[in-house]
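Please examine the structure below. A series of questions and answers on its pocket, helices and backbone follows.

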Amino acid sequence: MFFCVYIWLMFKKMLKMNHEKCVNQLYPRSKVQRFHLEPDQISWENPLKDYNPPDYTSESLFNKPWADKDSGDKSFAPRWNEKDGNVDRRSFIGYYQVVSGRPLNPIGRTGIQGRGVLGKWGPNHAADPVVTRWACTDGGDIKMDETTRKRILQFVAIQRGDTGEWALPGGMVDPGEVVSETLKREFMEEALNSLMLAESDKDDLKKKIELLFKHGDEVYRGYVDDPRNTDNSWMETVAVNFHDDNGDLTLLELKAGDDAINVRWVDINRDLKLYASHSSIIEKVVKLRDASW
């Protein structure tokens with residue numbers, strides 16, 4: 001046990017993780033106010049005797065087949081920190097502690113207990129495709145930023161229906177689903193509105209996406225500073241960059257679908273304000289492509 005806790009602490013210090021978007025504000029899709037935390041009160045390593053945050057789990061999760069049962073349910077016996085049937089309860093950060101039958105957010109306190117609107121106790125795994133191309137003039141030349149003297153990169157962004165913020169077109173990894181399939185499925189659903197297509201058209205689109213997503217570069221794997229995180233449930237993701245050097249994606253018509261209300265190509269710069277920690281993921285892609293920031 002001591003060794004596992006030691007490894008957990010070393011991972012945290014090495015990655016220098018923190019969270020800012022899941023503290024000191026109303027919990028999403030609710031009227032529940034988080035317990036106020038100062039920056040030095042977030043870490044579990046720092047004692048906080050008066051810490052008594054509200055316990056909230058959305059009723060939208062009750063009796064859903066894809067959601068975990070209540071932590072107090074006697075029939076609920078998960079295998080924490082390992083593969084639990086077709087549910088992956090392992091964290092990319094490493095070992096996480098479980099106290100009174102509930103996992104503890106490995107980054108620290110969030111000011112709210114329970115699952116909030118997240119389906120799983122502990123890590124909730126997602127996948128985020130970062131689809132990019134070079135911004136071009138009408139004549140086809142790649143645009144250069146006048147200040148940085150580097151090429152301007154664009155990415156496909158969707159506008160979330162729940163918060164109105166712009167984000168990557170990603171989503172949850174279904175139980176038993178491999179990440180590579182999640183990346184393609186979420187891009188098709190949110191950026192190409194595949195759910196509304198006829199089966200024949202959907203099959204044709206799948207073939208095109210298979211080719212476009214054949215080669216990708218993983219840019220991030222880990223914790224996400226997501227406003228839905230709680231003390232006991234949190235988001236983690238795998239982000240993969242699919243860069244379109246040949247203009248193949250230009251032939252596809254972007255159309256918002258699923259829980260996205262808008263979609264478009266967006267020029268990348270350091271002033272971008274995106275959902276959760278998506279801006280930091282975009283910055284990693286910029287460094288990979290040696291683009292303007």
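**Questions on the predicted model**

Q: Where is Trp-121 found, and is Trp-121 buried or exposed?
A: Trp-121 is found in the loop between β6 (113–116) and β7, where strands are DSSP runs of E with at least two residues, helices are runs of H or I with at least four, and both are numbered from the N terminus. The model is predicted, so local features need pLDDT of at least 70 and side-chain atom pairs count only at pLDDT 80 or more, while totals for chains, interfaces and linings use all residues. Residues are numbered from 1 along each chain as its sequence is written, and side-chain values use heavy atoms, with hydrogens and water left out. Buried means under 20% relative accessible area, exposed over 50%, and partly exposed in between, with a 1.4 Å probe and protein chains only; at 1% relative accessibility, Trp-121 is therefore buried.

Q: Which element supplies the largest share of the lining of the largest pocket?
A: A pocket is, on a 1 Å grid over the protein atoms alone, an open set of points where a 1.4 Å probe fits, with protein on both sides within 12 Å along at least five of seven lines; lining residues have an atom within 4 Å of a point. The largest pocket is lined by 49 residues, with His-125, Ala-126, Gly-171, Met-172 and Val-173 nearest its centre. Elements that each supply at least two lining residues include β8 (153–160), α2 (179–191) and β12 (233–243). The largest share, 5 residues, comes from β7.

Q: Which residues of α4 are buried, and why do they lie on the same side of the helix?
A: The buried residues of α4 are His-278, Ile-281, Ile-282, Val-285, Val-286 and Arg-289. They cover an arc of only 150° around the axis, taken from the directions from the helix axis to the C-beta atoms, which puts them on the same side of α4. An α-helix has 3.6 residues a turn, so residues three or four places apart point the same way. The elements against which these buried residues pack are β7, β8, β9 (166–167), β11 (217–223) and β12.

Q: What distance separates the end C-alpha atoms of α2?
A: The expected span of a helix is 1.5 Å times one less than its number of residues. For the 13 residues of α2 this gives 18 Å, and the distance in the model agrees, because the end C-alpha atoms are 18 Å apart.

Q: With which residues is Glu-189 in contact, leaving aside its neighbours within four places in sequence?
A: Glu-189 is found in helix α2 and counts as buried, at 12% relative accessibility. Contact means heavy atoms within 4.5 Å. With sequence neighbours within four places left aside, the contacts of Glu-189 are Ser-194, Leu-195, Gly-257 and Asp-258.

Q: What is the phi of Asp-290?
A: Asp-290 is found in the segment after α4, and at 45% relative accessibility it counts as partly exposed. Most residues other than glycine have a negative phi. Asp-290 is a residue other than glycine with a positive phi, near 55°.

Q: What is the relative accessible area of Arg-149?
A: Arg-149 is found in the loop between β7 and β8. The phi of Arg-149 is positive, near 60°. Arg-149 is exposed, and its relative accessible area is 64%.
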